[in-house]
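Hi everyone, thanks for coming. Please bring up the sequence and the model on your screens, and we will walk through them together.

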Amino acid sequence: MKLSTNSKRELEEALVENGLRATRQREHVYAVLLTQRDHPTADEVYARAKQVMPSISLATVYNCLETLVECDLVKKLNYEREPSRFCPNDGEHAHFLDEGTGRVFDIDLPENFMHEITNVLPQGFEAKKFKLSFTGYAPKDLPGDHCVAEN
């Protein structure tokens with residue numbers, strides 16, 4: 001797994017902004033997330049990363065994931081009684097957890113959604129980020145590699 005030129009540049013810029021440097025392990029873990037955008041757990045990222053980089057440890061994968069989250073390249077998703085999942089989609093979107101299968105889907109939001117949703121905030125409040133998550137049941141007939149639900 002290899003990062004595209006744009007993704008590699010994006011990674012390097014985000015790391016430098018945070019006083020960090022790019023490493024082979026960070027690049028590899030980021031590439032794993034970008035290759036299959038199915039919101040994997042840390043253990044799933046580790047299993048995929050190990051296929052190409054057998055020497056990588058679980059601790060290194062956890063550290064890389066936390067670094068990617070801190071650099072705002074990846075979102076960490078937490079659901080009750082579920083292991084954390086990781087999402088490399090940097091656009092404004094919501095998530096949907098299918099309680100039947102455990103799969104997580106990206107839900108595209110309308111262009112003006114952030115503006116509209118911030119209108120409910122009391123005067124003087126300024127939102128920088130938001131997290132919107134749904135739980136329930138997704139249609140059973142979605143393709144196996146489908147991870148972006150369309151409105």
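First, some ground rules. This is a predicted model, in which local features need pLDDT of at least 70 and side-chain atom pairs count only at pLDDT 80 or more, while totals for chains, interfaces and linings use all residues. Residues are numbered from 1 along each chain as its sequence is written, and side-chain values use heavy atoms, with hydrogens and water left out.

Let's start with charges. Side chains of opposite charge can pair when their charged atoms come close. By salt bridge I mean a side-chain nitrogen of Lys or Arg within 4 Å of a carboxyl oxygen of Asp or Glu. How many salt bridges does a search of the whole structure find? The search gives 4, and I will show you some of them.

One of them joins Glu27 to Lys8, with 3.7 Å between the closest N and O atoms. Glu27 is in helix H2 and Lys8 is in helix H1, so this pair ties together parts that are 19 residues apart in sequence. A word on those labels: helices (H or I, at least four residues) and strands (E, at least two) are DSSP runs, numbered from the N terminus. Lys8 counts as partly exposed, at 34% relative accessibility. Here is how I use such words: buried is under 20% relative accessible area, exposed is over 50%, and partly exposed is in between, with a 1.4 Å probe and protein chains only.

Next, please find Asp38 and Arg48, whose side chains meet in a salt bridge at 2.7 Å, N to O. Asp38 sits in the loop between H2 and H3, Arg48 sits in helix H3, and the two are 10 residues apart. Asp38 is partly exposed, with a relative accessible area of 26%, whereas Arg48 is buried at 15% relative accessibility.

Then there is Arg85 with Glu44, where the closest N and O atoms of the salt bridge are 4.0 Å apart. Arg85 is buried, at 10% relative accessible area, while Glu44 is partly exposed, at 32%.

Now for two residues with a particular backbone angle. His39 is not a glycine, but it has a positive phi of about 60 degrees. Its place is in the loop between helix H2 (24-35) and helix H3 (42-52). Is His39 buried or exposed? His39 is buried, with a relative accessible area of 1%.

Arg81 is not a glycine either, and its phi is positive, at about 55 degrees. You will find Arg81 in the loop between strand E1 (75-77) and strand E2 (85-87). Arg81 is exposed, with a relative accessible area of 82%.

Let's look at contacts next, meaning heavy atoms within 4.5 Å. Phe96 lies in strand E3, residues 93-98, and is buried at 17% relative accessible area. Setting aside neighbours within four places in sequence, Phe96 is in contact with several residues, including Arg103, Ile107, Phe134 and Tyr137. Phe96 and Ile107 are 11 residues apart in sequence, and their C-alpha atoms are 6.9 Å apart in space.

Thr67 counts as buried, at 10% relative accessibility.

Finally, the surface. Patches are made of residues with over 30% relative accessible area and no salt bridge, with like charges joined within 9 Å and nonpolar side chains (Val, Leu, Ile, Met, Phe, Trp, Tyr) within 5 Å. The areas come from the Shrake-Rupley method with a 1.4 Å probe, and for residues only the protein chains shown count as cover.

A nonpolar patch is formed by Ile117, Val120, Leu121 and Phe125, with about 380 Å² of accessible area together. Val120 is in the loop between helix H5 (113-118) and strand E5 (133-136), and is exposed, with a relative accessible area of 65%.
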